[in-house]
Amino acid sequence: MTNPAPIPEPQEAPKPDTATVPALSIDGVSHAYGPRRALIDVSFNVQPASFTALLGLNGAGKSTLFSLITRLFGIQSGRVGIFGHDIGKSPGEALRLLGVVFQPRTLDLDLSLTQNLLYHAALHGISRSEAATRSAELLGRIGLADRAGSKVRDLSGGQMRRLEIARALLHRPRLLLLDEPTVGLDVKARADIISQVRQLVTEQGIGVLWATHLFDEIMPSDDLVVLHQGKVLAKGPMSRVVTEAGAQDVNTAFMRLTGAQTMPGGGA
Amino acid sequence: MSSITTRDTPRGFSFAEYMTCLTGIVWREGLRFLHQRERFVSALVRPLVWLFIFAAGFRQVLGISIIPPYETYILYEVYIAPGLMAMIQLFNGMQSSLSMVYDREMGNMRTLLVSPLPRGFLLFCKLLAGTAVSLLQVYAFLLIAWFWDITPPSQGYLTVLPALILSGLMLGSLGMLISSGIKQLENFAGVMNFVIFPMFFASSALYPLWRVQEGSPYLYYLCEANPFTHAVELIRFALYGQINWISLAVVGACTIVFMIGAIWAYDPSRGLARRGPAGGEG
């Protein structure tokens, strides 16, 4: 399987006059677990047809933020909007436009690839016949059509990730969240997945928020949000963040911003 | 911005979308159940041990007088069969609800909860799916029990179905309410000791309540107030084509109260938010 072609059209193609509405807007969001503050006044936007990298160490608050955006946790303070829909006030409309790939695997290992996709489609109210058509098409595009009836358990880590991304796109969202999707994958599988997601941005105008702690996954043209100990330390186009930090590359910029020690392998 | 307002006007969800979601959740639960044969076997072994061993041992000890819905003297095995059917549902309800609460940050609950449909509806579907699985277990038990001379009237197999659906929903939502609300009950052993065993023994599952009343009036009142007693009696009467109206009212009311409470307590902005961050990191 070489570079997988990305997947279906989003619900509606973005229109020029909608560019002012962010795909995702995080506005003054704070969250605490008892006395421990996991997020402190976090604000940033993800634009449609853009790739935004959310860079932070483990424990920075990335997963908490994802839990808030996906309404797994209630919003304690601040506001999260998806294409203008407040996740607290109209979660249905907001979640309809959102696709998510969580960091831990969330597939049913004992069910087949198609069964996993059909279940996800049902959760979005997509009729069985439509779901079957979309599933077959998606499996074809990620090069797993011949495995449609196999159990997910028999797939490799990279194949499972590709399936999860395909699943997240099944209901044709316009915003895609991925929480460290390449963790544990080999170099080839990582490259495939990154290229697949970047194609979604350029060809289909999907807004992507990609949480990572790996510098080499970020490109100069990306938007960057640096999250550290629950706070946003810097945000904006990567080149600007690097320049403003007085650094030559994102690695150095990140270390200057956070005071962190660098780790081998290009990781934060 | 006007075009945005027009385009993004909330369109809500159609009845067909709700039904697609419901059938999808039940279908998946059924598929998973078929893949977990050991779960099926262990769900059956428990009541069968009670039926084959406990009931046989107690047959001579415990005389059962003629009480409704029975019209003749019955063997002890026949008496406890409805209690064991309810026990299957009790274990199934507690087990599946506990996993719904404690696995909420794991795979399948996360997948479920990012569905755009209302969360209350998703949880209801999940409870209904758990009940559907318990029905498969109960009917498998009834099939084996039939060979053990527990032979209710044939229409009883049909008339007991609505009773089982209601009692399954009641026990599932009770399990969800308890696991969401009581932080200390963090594992199944705790639920067994503090919920399942007291509910099961302080009920009419193993002995008729008039016998309990002879021994201890207080225990009798406790048994009468136990919703599980009414689930057992609802099933017992329905299995013989009759309706125990008091039990129906109690089980119906408890189902509504427990389900509303369970859905309320499950809301992460309430009790569960204190449990900590999702996944391994903050």
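Me: Two strands count as paired if DSSP finds at least two bridges between them. What makes β9(A) and β10(A) a pair?

Reply: This is a predicted model. In it, β9(A) and β10(A) share six bridges. The cut-off is at least two, so these strands pair. Their sense is antiparallel. One bridge joins Leu224(A) to its partner Gly236(A) in β10(A).

Me: What do β9(A) and β10(A) form, and what lies between them?

Reply: They form a hairpin, with two residues between the strands. Gln229(A) sits in the turn and has a positive phi of about 50°.

Me: How do you know that β3 and β9 of chain A pair, and in which sense?

Reply: Count the bridges again. Strand β3 (residues 51–55) and strand β9 (residues 223–228) of chain A have four bridges. At least two are needed, so they pair. The sense here is parallel. Across this pairing, Leu54(A) stands opposite Val225(A) in β9(A).

Me: What makes the pairing in the sheet of six strands "mixed", and what is the strand order?

Reply: The order in chain A is β6-β7-β8-β3-β9-β10, and the sheet is open. Two pairings already show both senses. β3 with β9 of chain A is parallel, while β9(A) with β10(A) is antiparallel.

Me: Why are β6 and β10 of chain A called edge strands?

Reply: Each of them pairs on one side only. β6 covers 98–101 and β10 covers 231–237. From one strand to the next, the twist averages 15°.

Me: Which helix packs on the sheet, and which strands does that helix touch?

Reply: Helix α1 (residues 62–69) of chain A does. Its contacts are with β3, β7 (175–179), β8 (207–212) and β9 of chain A. The direction of this helix makes about 145° with that of β7(A). Helix α6 (residues 187–204) of chain A lies across β3, β7 and β8 of chain A. Its angle to β8(A) is about 150°.

Me: What makes α1(A) "mostly covered"?

Reply: Eight of its eight residues are buried. To be buried, a residue needs 20 or more other C-beta atoms within 10 Å of its own. Among the residues of α1(A) that pass are Lys62(A), Leu65(A), Phe66(A) and Ile69(A). Just after the helix, Arg71(A) takes a positive phi of about 60°.

Me: Why does Pro237(A) count as partly exposed?

Reply: Pro237(A) is found in strand β10 of chain A. It has 14 C-beta neighbours inside 10 Å. Pro237(A) and Ser25(A) are 212 residues apart in sequence, and their C-alpha atoms are 16 Å apart in space.

Me: How many of the residues in each chain are buried?

Reply: In chain A, 52% of the 268 residues are buried. In chain B, the share is 43% of the 282 residues.

Me: What helices and strands do chain A and chain B have?

Reply: Chain A has eight helices and ten strands. Chain B has twelve helices and zero strands.

Me: Where do α3 of chain A and α2 of chain B pack, and at what angle?

Reply: The helices are α3 (residues 113–123) of chain A and α2 (residues 15–35) of chain B. They pack at about 150°, with axes 7 Å apart. The crossing is left-handed. Gln115(A), Tyr119(A), Ala122(A) and Leu123(A) come from one side. They meet residues of α2(B) including Thr20(B), Ile25(B), Arg28(B) and Leu31(B).

Me: How do the residues of the contact of α3(A) with α2(B) divide?

Reply: Six are nonpolar, four are polar and one is charged.

Me: Where is confidence lowest in chain B, and where is it highest?

Reply: Helix α1 (residues 2–7) of chain B is lowest, with a mean pLDDT of 36. Helix α11 (residues 227–239) of chain B is highest, at 96. Residues 1–7 of chain B stay below 50, and this stretch has six contacts beyond near neighbours in sequence. Residues 271–282 of chain B are also under 50, with 33 contacts beyond four places in sequence. The average over chain B is 83, and 85% of the residues score at least 70.

Me: What ipTM and pTM does the model score?

Reply: The ipTM is 0.83 and the pTM is 0.85.

Methods. Residues are numbered from 1 along each chain as its sequence is written. Chains are lettered from A and ligands numbered from 1 in the order in which they are written. This is a predicted model: local features need pLDDT of at least 70, side-chain atom pairs count only at pLDDT 80 or more; totals for chains, interfaces and linings use all residues. Axes are lines fitted to C-alpha atoms, for helices over the stretch in contact, and angles run from 0 to 180 degrees between N-to-C directions. A crossing is left-handed if the near helix is turned anticlockwise from the far one by less than a right angle, and right-handed if clockwise. Two residues are in contact if their C-beta atoms, placed from the backbone, lie within 7 Å. Ala, Val, Leu, Ile, Met, Phe, Trp, Tyr, Cys and Pro count as nonpolar, Asp, Glu, Lys and Arg as charged, and the others, Gly among them, as polar. pLDDT is the predictor's confidence in each residue, from 0 to 100. A residue is buried if 20 or more other C-beta atoms lie within 10 Å of its own, exposed if 12 or fewer, and partly exposed in between; C-beta atoms are placed from the backbone.
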